Amino acid sequence: MTSQPIRTAVAGFGLSGSVFHAPFIASNPAYELAVIATSDEARQTKAKERYPATQIVNTPQDILARADQLDLVVLGTPPATHFPLAKAALEAGLDVVVDKPFTVRSAEGEELIQLAAKLGRVLTVYQNRRWDGDSLTVKKLLDAGTLGTVTRFEVGMERWAPEIAKAWKASATAEDGGGVLFDLGTHVLDLTLRFFGPATVTFAEITARRPQESADDDVFLALQHESGVVSHVTINLNSHLHGPRFRVLGTEGGFVKFGTDPQEPYVLGGGLPTDAEYGVEPPENHGTFEANGQRTTIPTERGAYPEFYRMLAEKLDGGGTASALPVPVDPADSVAVLKLIEQARALA
């Protein structure tokens with residue numbers, strides 16, 4: 001580590017900024033949570049109470065005006081703002097974390113990657129579901145060859161959410177980055193590519209079922225990977241009965257896992273990433289491996305969202321783009337996800 005912490009600003013203090021970013025930045029001594037931007041008075045009050053040493057400003061533009069006092073900006077703002085804000089931040093000399101979706105269009109993501117390279121800035125995307133405990137468990141099984149040759153991968157994120165709580169989500173169309181495919185879909189598509197490599201969308205159902213939905217809230221996609229694996233992706237906000245989070249079938253066995261990773265609800269409940277019980281899933285939610293009619297419980301790996309900011313600090317402290325260390329998430333991976341979404345929309 002360098003002697004000075006990474007001076008960091010978080011733009012947006014909704015769920016993204018308050019749960020997925022600020023707690024992990026504030027709990028990591030490599031960072032200084034210097035600025036939070038939110039125009040919502042209730043969120044400003046909450047931010048001041050939680051982080052009294054942090055400066056609270058109204059807009060992302062207020063962050064950019066302080067660029068010479070900062071090193072890193074984290075964008076937890078609505079999707080349509082990601083491209084212009086990330087571009088402006090890079091041009092202001094800041095390293096940038098963009099929450100998913102990276103951008104609304106893949107061409108915008110490619111432009112940001114080229115700009116970051118030209119300016120020598122670090123750019124990464126917050127694909128935090130890579131560090132869900134169940135995602136880490138699947139990766140461990142795959143790396144160990146426990147399942148043999150995988151033939152089918154099923155991944156789902158289903159919820160019962162009949163009302164749209166956020167005004168911007170209710171009004172955002174797919175052109176604005178609205179809808180569940182850009183939201184939860186970017187997570188599960190990232191995992192399919194991470195586990196099994198490049199793929200093409202072969203079938204797509206994209207539906208809006210809620211009367212107030214302007215984009216989509218019920219999606220099913222089938223993907224064919226170059227590796228031979230077939231992936232089925234389900235994302236649904238209209239589900240009283242949730243399907244498996246993961247179901248993986250291979251020549252040596254199958255694995256199924258239900259339930260939701262505990263990290264988000266733990267932080268929402270007031271817990272900290274530094275707590276001993278953070279990220280630990282109760283045994284009754286562990287997954288099941290089955291082979292030849294015999295079932296075995298597979299303990300879930302501990303969830304590890306802090307890894308994202310640990311890896312990023314190593315990258316920045318090691319010299320930024322001059323460092324051989326990887327960024328936590330290659331933004332090119334997120335562009336590949338956006339291209340799958342574009343394929344899906346063309347099919348549907």
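Reader: How much space lies in the second largest pocket?

Author: This is a predicted model, in which local features need pLDDT of at least 70 and side-chain atom pairs count only at pLDDT 80 or more, while totals for chains, interfaces and linings use all residues. Residues are numbered from 1 along each chain as its sequence is written, and side-chain values use heavy atoms, with hydrogens and water left out. On a 1 Å grid over the protein atoms alone, a pocket is an open set of points with protein on both sides within 12 Å along at least five of seven lines, whereas a cavity is a set where a 1.4 Å probe fits but cannot get out. With grid points joined across faces, edges and corners, and volume taken as the space filled by probe spheres set on the points, the second largest pocket holds about 280 Å³.

Reader: Which residues are the closest to the centre of that second largest pocket?

Author: Lining residues have an atom within 4 Å of a point. There are 14 of them in the second largest pocket, and the closest to its centre are E158, R159, R245, G259 and T260.

Reader: Which strand gives the largest share of the lining of the second largest pocket?

Author: Strands (E, at least two residues) and helices (H or I, at least four) are DSSP runs numbered from the N terminus. By class, with Ala, Val, Leu, Ile, Met, Phe, Trp, Tyr, Cys and Pro as nonpolar, Asp, Glu, Lys and Arg as charged, and the others, Gly among them, as polar, this lining has 2 nonpolar, 5 polar and 7 charged residues. The largest share, 3 residues, belongs to residues 150–158, strand β7.

Reader: What is the volume of the largest pocket, and which element gives the most to its lining?

Author: The largest pocket has a volume of about 1200 Å³. Its lining has 50 residues, and L15, S16, K166, W168 and K169 are the closest to the centre. Two or more lining residues come from each of α1 (15–26), α4 (82–91), α7 (167–171) and α8 (184–196). The most, 4 residues, come from α1.

Reader: Why does the length of helix α11 agree with its number of residues?

Author: The expected span of a helix is 1.5 Å times one less than its number of residues. Helix α11 (residues 331–347) has 17 residues and should therefore span 24 Å, which agrees with the distance between its end C-alpha atoms, 25 Å.

Reader: Which residues of α11 are buried?

Author: Buried means under 20% relative accessible area, exposed over 50%, and partly exposed in between (1.4 Å probe, protein chains only). In α11, the buried residues are P331, S334, V335, V337, L338, L340, I341 and A344.

Reader: Which peptide bond is cis?

Author: The loop between β5 (95–99) and α5 (106–119) holds P101. With omega near -10°, the cis peptide bond is that from K100 to P101.

Definitions and conventions. Contact = heavy atoms within 4.5 Å.
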